[in-house]
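Dear colleague,

I am passing on the structure we spoke about, together with some notes on what turned up in it. Please have it open beside this message as you read.

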Amino acid sequence: MKKLINILTRLSRVALILMGATFLVSILVRQLPGDVALLINPVASAAERDAIRHELGLDRNYFSAYLMWLSQILRGDFGIFIFGGKVFPVIKSAIPATLQLIFYTQILALVIAIPLGVLSAFKQGTRFDKLTSTSLFSLASFPNFGIGLILAVVVGANLGIVPPSGYIRITEDLSQHFKLMLLPVLTLAVGPIATYTRLLRAEVIATLREDYVLLAKSKGISDKRILFRHVLRPSSTTLMTSAALSMGNLIGGALIIEIIFVIPGLGTQLAKAIGTREFFAIQSYVAIIAVFFLIFNSVVDSLINAVDPRTRNRRA
Amino acid sequence: MQLTQERETVVLKNSLGGKIALSWLGTIIFCAIFGPLLPIAGIGQTFNDGVQLKPFTNCGFMGPLAQSVSGTSDSETSTQPQADTSVVDESATQDTAPIDTESLPGSTVAPAFDDDGFTEETLPPDLSGENSVDAEQQERDRQELIRSLQMSNRCFIFGTTTEGTDIFAALIHGTRTSLSISFLSVFFGGLIGCLLGITAAYTRGWFDRIVFLVFNIILSIPTLVLAFALIAIFATPLRPDDTVPDSTKIRVLIGSLVIILIPQLGRIARSAALQWINRDFVIASRSIGSSHISILFKRIIPNVLPSIFAVGFLALGAIIVIEGSLSLLGVGLNSGNSWGSLIARNSGDFIDYPHVVYIPVIVIAFTVISVNKIGDLIRQSLDNREAKI
């Protein structure tokens with residue numbers, strides 16, 4: 001019972017934040033300069049313009065316009081493009097690309113960061129450790145778009161190992177899909193790799209001081225086995241938390257990467273919508289992004305609470 | 001397995017990285033203050049206008065070239081009047097394709113100059129007899145330009161962009177814009193965020209709830225997406241063909257970034273303040289009857305500030321990167337007047353002339369590494385202090 005109430009309060013808080021965020025966006029979008037009615041029909045008379053505005057709900061005040069938008073969204077209607085077409089099909093085709101980008105990035109980052117973190121903790125203070133942490137620190141400080149541009153040109157265009165940009169659906173051509181995804185994923189993964197390695201290193205160093213590690217060592221168990229069987233799992237909670245929470249942040253990072261590598265994800269669509277002032281599309285895209293962001297963060301938060309009892313009843 | 005002590009006492013002045021970071025930061029702050037005053041390649045005048053980028057104005061060693069260029073320009077406009085209008089538009093100059101040095105066999109294609117920039121106007125190969133001196137002159141100009149586009153030469157140490165802007169000068173002039181955007185937005189964001197966060201933590205109750213909710217709402221939209229939307233909304237011209245002046249764009253940029261930074265820094269301030277509010281010395285101070293103001297300013301804020309500084313330095317770096325990203329996305333500055341816009345403006349030429357992007361990216365990376373290092377060292381010394389307590 002208590003658990004149920006807990007979950008309900010959590011959900012209601014998420015819903016409240018979500019409504020706040022979408023309301024904020026709906027107010028912001030209304031500030032875009034220019035008359036939508038004139039954009040739709042440049043030669044409309046005053047009466048026609050009023051009719052168009054009424055149809056789109058632009059003559060309402062902020063709150064009732066927001067409620068109108070909300071009721072539409074809840075019925076699965078994501079609005080229309082001013083210059084024709086519905087927004088929903090675009091969102092439907094854009095989401096997989098963005099999600100794939102984020103998931104691959106997460107996997108690549110973990111695959112690289114776990115061995116690096118464990119090893120640099122084990123070799124703490126040596127040249128390897130210092131080199132790893134310094135180079136990761138510098139790489140992570142490199143602007144994301146800079147890495148993207150350089151990779152696209154050097155690896156993609158000049159060396160010709162993989163195509164520099166583009167996107168192919170996974171169902172169409174599997175190998176080409178992964179080839180195209182390689183560079184954007186690599187670019188996006190640089191930041192997370194540095195963060196995860198650093199976190200894991202600190203945790204592993206702390207765990208290595210535990211008595212049971214000393215016992216395992218005195219029993220003659222090999223270093224490799226100690227590190228990956230005895231030490232890694234208890235040290236990985238912070239890493240998992242951080243990895244899960246960074247899912248949300250990756251959505252923002254994916255925006256610019258998508259545009260550099262011409263991936264038709266949500267970021268590209270958002271940029272296009274802002275460029276052509278598609279009011280309703282912008283509102284829906286930002287709402288979708290916020291929903292994903294919040295869902296990732298809150299689901300992950302609850303999952304961690306369920307997995308690790310120590311974090312329960314902790315208020316962030 | 002080494003079990004050495006994990007925390008060494010690393011303070012800013014004792015670490016080599018910290019020293020390097022501080023000196024780099026000092027250098028770019030120096031550039032930001034005095035950069036626009038330096039007479040580098042004479043580009044200062046045009047850069048201060050913000051919009052126009054003129055090629056080869058009075059470069060120290062290349063004065064004769066600059067004159068010959070303007071001379072060419074005159075003869076050019078007389079033979080090809082339409083060349084004059086085609087480049088006035090900002091976007092048009094921005095979109096000019098890179099000049100392909102390989103496909104420029106002397107007489108057939110020659111670059112043309114005019115007052116606003118450098119374009120790829122094709123000249124008729126056989127100009128009439130009286131123009132033969134001009135053609136020779138153009139050929140020399142072309143060679144000169146191609147040479148200046150190389151990574152470095154006797155006049156431009158980092159070469160020039162295809163528009164003829166000296167990259168080194170552009171970087172130094174861009175320092176002021178880039179740094180003032182990031183410093184001002186972090187300063188105001190930190191100030192307002194701290195005020196809200198610390199007050200919320202101190203008063204608790206409904207004020208805390210509301211502030212925390214608003215913070216969470218803003219945080220639920222990814223940073224770049226929110227910045228993108230805010231700037232697109234407040235810095236979009238009424239008609240698509242208009243351009244927004246740089247000064248307006250910078251104001252909007254700073255305003256949007258402040259809005260983004262308030263919850264980020266405010267959240268840190270709030271949680272840091274919560275740690276200190278119930279310490280014994282604060283309770284003691286309250287029990288001897290200190291006013292709320294004096295408790296806040298004498299007991300809590302001095303303790304919260306270091307952690308704000310640590311995060312603030314990280315935010316500085318992040319803002320410089322965000323500024324570049326926004327320019328690249330097409331909503332930020334695009335006049336070449338800041339580091340980010342220098343990259344955005346020249347990213348189209350990247351394949352043919354990689355240095356036009358490499359150099360600004362490396363400068364940005366150096367700056368971000370320095371501020372991150374400083375923030376990191378502040379955080380480490382903070383951790384050490386905490387561990388001692």
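Which residues form a nonpolar patch on the surface, and with about how much accessible area together? The model is a predicted one, and in it the patch is made up of A:Met1, A:Leu4, A:Ile5, A:Ile7, A:Leu8 and A:Leu11, which have about 660 Å² of accessible area together. One of these residues, A:Ile5, lies in helix α1, which covers residues 2-30 of chain A, and with a relative accessibility of 47% A:Ile5 counts as partly exposed.

As for chain A as a whole, its secondary structure comes to 13 helices and 0 strands. The C-alpha trace of chain A spans about 90 × 60 × 35 Å along its principal axes, and 47% of its 316 residues count as buried. Among the contacts in chain A with a separation of 6 or more, 70% are accounted for by residues 24 or more positions apart. The accessible surface of chain A comes to about 15,900 Å², and carbon and sulfur atoms hold 66% of that surface.

Next, the interface. Here 51 residues of chain A are in contact with 49 residues of chain B, and the area buried between the two chains is about 4,400 Å², with 79% of it given by carbon and sulfur atoms. Of the area that chain A buries against chain B, 13% is supplied by A:Gln124, A:Phe137 and A:Phe145, which is more than any other three residues supply. On the polar side, the count between chain A and chain B is 1 salt bridge, while 2 residue pairs are found in polar contact across this interface. The side of chain A that touches chain B draws at least two residues from each of several helices, including α1, α6 (127-141), α7 (144-158) and α8 (174-208).

B:Asp376 is buried at a relative accessible area of 10%, whereas B:Arg379, at 34%, is partly exposed. Through shared partners, salt bridges join A:Arg198, B:Asp376 and B:Arg379 into one network.

A search of the whole structure finds 6 salt bridges over all chains. One of them is between the side chains of A:Arg201 and A:Asp129, at 3.0 Å from N to O; because A:Arg201 lies in helix α8 and A:Asp129 in helix α6 of chain A, the pair ties together parts that are 72 residues apart in sequence. A:Asp129 counts as buried at 3% relative accessibility, and A:Arg201 counts as partly exposed at 25%.

Finally, A:Ser246 is found in helix α11 (residues 237-260) of chain A, and with a relative accessible area of 13% A:Ser246 is buried. The side chain of A:Ser246 makes a polar contact of 2.6 Å with the side chain of A:Tyr196. If neighbours within four places in sequence are left aside, A:Ser246 is in contact with A:Gln106 and A:Tyr196.

Note on methods
Residues are numbered from 1 along each chain as its sequence is written. Chains are lettered from A and ligands numbered from 1 in the order in which they are written. This is a predicted model: local features need pLDDT of at least 70, side-chain atom pairs count only at pLDDT 80 or more; totals for chains, interfaces and linings use all residues. Side-chain values use heavy atoms; hydrogens and water are left out. Helices (H or I, at least four residues) and strands (E, at least two) are DSSP runs, numbered from the N terminus. Buried means under 20% relative accessible area, exposed over 50%, partly exposed in between (1.4 Å probe, protein chains only). A polar contact is a pair of N or O atoms within 3.5 Å; within protein, one must be able to donate a hydrogen and the other to accept it, and residues adjacent in sequence count only if both atoms are side-chain atoms. Contact means heavy atoms within 4.5 Å. Patches are made of residues with over 30% relative accessible area and no salt bridge: like charges are joined within 9 Å, nonpolar side chains (Val, Leu, Ile, Met, Phe, Trp, Tyr) within 5 Å. Accessible areas come from the Shrake-Rupley method with a 1.4 Å probe; for residues, only the protein chains shown count as cover. A salt bridge is a side-chain nitrogen of Lys or Arg within 4 Å of a carboxyl oxygen of Asp or Glu. Buried area is the accessible area (1.4 Å probe) that two parts lose on being put together, summed over both.
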